[in-house]
Amino acid sequence: MMEPRLESSKKWTSLPEELIEQVKSVLVETFDKEAKKGEFVVAGRIYPEELIVRIGYIEEGRITQANGEVSITYNPKKDNIHKLIGTAVDCAGGLIEIYFENPEEDFPREWQEHTFDKQQVFLKFTTVNDELEKKADEILGQIDLDALVKGEDVEIEIDAIKDMLGISDEDDSQGSNH
């Protein structure tokens with residue numbers, strides 16, 4: 001499970017599934033040798049003031065998943081969330097690339113501040129296995145698989161996140177995937 005860096009990050013929505021699949025495709029192309037031996041995992045959460053992206057890799061037959069995680073604080077009224085998602089994906093992908101080159105690298109295990117393309121980002125490396133965590137949560141009945149927004153349910157936050165992603169209520173009623 002991804003843990004937010006900011007204490008104020010309570011309500012969130014996942015990155016759109018279409019975007020997650022696009023990122024996975026790029027990772028498979030870029031790291032074709034590793035893709036043959038394992039699987040890439042991409043996840044992200046959009047909070048009202050924080051974006052978190054995780055790119056993970058799990059080698060076949062292993063339990064430990066290598067994850068590059070990125071957190072970016074943003075202002076929803078000023079910042080372009082699509083651009084920030086791209087920056088976060090680039091940074092998380094960079095951590096995974098370093099992992100492939102040197103798995104023994106001394107990665108930060110807590111959020112560590114960096115600057116990337118003039119953007120303040122926070123990076124960390126984790127070994128949480130998303131699939132095992134998800135299964136454990138399902139067994140314990142701690143998740144609502146149908147919920148779009150997790151955490152405290154506030155309509156204003158849902159509308160703000162939809163607005164940032166360019167999703168309208170009309171799109172939702174027509175069943176569009178974003």
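1. Glutamate 21 has a relative accessible area of 38% and is partly exposed. Lysine 24 is partly exposed too, at 23% relative accessibility. This is a predicted model, and these values are computed from it.

2. The side chains of glutamate 21 and lysine 24 form a salt bridge, with an N to O distance of 3.8 Å. Both residues belong to helix α1 (residues 17-30), where three residues, about one turn of the helix, separate them. In general, side chains of opposite charge can pair when their charged atoms come close.

3. The structure has three salt bridges. One of them joins arginine 54 to glutamate 69, with 2.6 Å between the closest N and O atoms. Arginine 54 sits in strand β3 (residues 50-59) and glutamate 69 in strand β4 (residues 66-73), so this pair ties together parts 15 residues apart in sequence. Arginine 54 and glutamate 69 are both buried.

4. Arginine 54 also meets aspartate 130 in a salt bridge, at 2.2 Å from N to O. Here strand β3 holds the arginine and helix α4 the aspartate, so the pair ties together parts that are 76 residues apart in sequence.

5. Is aspartate 130 buried or exposed? Its relative accessible area is 18%, so aspartate 130 counts as buried, the cut-off being under 20%. Aspartate 130 lies in helix α4, which spans residues 130-140. Apart from neighbours within four places in sequence, aspartate 130 is in contact with Val41, Arg54 and Gln65.

Technical notes:
Residues numbered from 1 in each chain as written. Predicted model: local features only at pLDDT ≥ 70, side-chain atom pairs only at ≥ 80, totals over all residues. Heavy atoms only, no water. Helix = DSSP H or I, 4+ residues; strand = E, 2+ residues; numbered from the N terminus. Buried < 20%, exposed > 50% of the residue type's maximum accessible area, 1.4 Å probe, protein only. Contact = heavy atoms within 4.5 Å. Salt bridge = Lys/Arg side-chain N within 4 Å of Asp/Glu carboxyl O.
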